[in-house]
Amino acid sequence: MNYRNIEQVLTPRNFNWVGDAFYTTSFIGKEIPRTRMSPFFAVGYNADIDFEAKEIPRGVGAHPHKGFETVTIAYKGKIEHKDSRGNHGVIGEGDVQWMTAGSGILHQEYHEEEFSKRGGTFQMVQMWVNLPAKDKETAPKYQDLRVGEMTRVAIDERSFVNVIAGEYQGQQGTGTTFSPIDLYNAYLQQGSSATFTFNNTWSTAILVIEGSVKVNVSQELAKDSFAMFENNAADTFKLTATSDDTLVLIMSGEPLNEPIAHYGPFVMNTQEQLAQAFEDFHAGKFGRL
């Protein structure tokens, strides 16, 4: 079979603290241009880190966003979220918090209180998904996607795929998107294989969260590896787990092919829109938190 091959493999480096709770690196923006992985503007990865118990939860206080969406996936530990639209939630292993910043929002993110008091291992991914130009001013919203309520597609008796958004093997995920996106967590036991087919013009990548996986015939990826697939060739690739309890995040989306004007927490299309985003924020139009 003619498989879609890997174009580039990255491993985590240059970690930075976001507040005192999130120790992240991004796979997009330096080695991989943002336009190359559109609509995925950033993929922030907090690899496993152990936190000591703390009475006052670690976190990052109220901060603004506009023009895109944050998609936060908890893998170990728990994350608490509050925003200026009154949304509040806690996500744990396998849960997803999908926040549409749209026309502007303030939010804050912390370790959940009981997790903070116990301490333990923490691991998460937060993606920034760019919004199409026509949806930059959409009303902010929040999707609370629970692992137990996600569409589950069986691979075999031991392995399955959770569909966060888009569809897999004709089964639709619960998350809604503004542009075509497929987003999955694949839970694979050693020897289990799954194939994934996306339009070969879509930006497509995987991140090995746990275990190890063979891609197609022979290329093996270890835990914490991020692999971006080539475009304009084959449309299918195969993953085979080479260890038990392998977990792979799979993302694919139709590129927006629109101008980008970005500064800090705002992702717009023009410098004029970017300046307006700062004016709106300082004028209090993002609400209060």
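In this predicted model, strand 3 supplies the largest share of the lining of the largest pocket, namely four residues. The space in that pocket comes to about 760 Å³, and 30 residues line it, with Val 18, Thr 24, Thr 25, Ser 26 and Gly 44 lying nearest its centre. The elements that each give two or more residues to this lining are strand 2 (16-18), strand 3 (22-26), strand 4 (40-51), strand 5 and strand 11 (120-130). Sorted by class, the lining of the largest pocket holds twelve nonpolar, 13 polar and five charged residues.

The second largest pocket has a volume of about 190 Å³. It is lined by 14 residues, and those closest to its centre are Glu 93, Tyr 187, Glu 210, Asp 245 and Leu 247. Two or more lining residues come from each of strand 6 (68-76), strand 17 (181-188), strand 19 (203-210) and strand 24 (246-253), while the lining as a whole divides into six nonpolar, three polar and five charged residues.

Strand 5, which is among the elements that contribute to the lining of the largest pocket, covers residues 59-65, and because five of its seven residues are buried, this strand is largely enclosed by the rest of the structure.

Which strands are joined by bridges to strand 23 in the antiparallel sense? Strand 18 (residues 193-197) is one of them, joined to strand 23 by five bridges, and in this pairing Thr 197 stands opposite Thr 236. Strand 20 (residues 213-215) is likewise joined to strand 23, here by three bridges and again antiparallel, with Thr 240 of strand 23 as the bridge partner of Lys 214. Strand 23 itself (residues 236-241) is mostly covered, since five of its six residues are buried.

| Strand pair | Bridges | Sense | Residues opposite each other |
|---|---|---|---|
| Strand 18 and strand 23 | five bridges | antiparallel | Thr 197 and Thr 236 |

Methods. Residues are numbered from 1 along each chain as its sequence is written. This is a predicted model: local features need pLDDT of at least 70, side-chain atom pairs count only at pLDDT 80 or more; totals for chains, interfaces and linings use all residues. Side-chain values use heavy atoms; hydrogens and water are left out. Buried means under 20% relative accessible area, exposed over 50%, partly exposed in between (1.4 Å probe, protein chains only). Two strands pair if DSSP finds at least two bridges between them. On a 1 Å grid over the protein atoms alone, a cavity is a set of points where a 1.4 Å probe fits but cannot get out, and a pocket is an open set with protein on both sides within 12 Å along at least five of seven lines; lining residues have an atom within 4 Å of a point. Grid points are joined across faces, edges and corners, and a volume is the space filled by probe spheres set on the points. Ala, Val, Leu, Ile, Met, Phe, Trp, Tyr, Cys and Pro count as nonpolar, Asp, Glu, Lys and Arg as charged, and the others, Gly among them, as polar.
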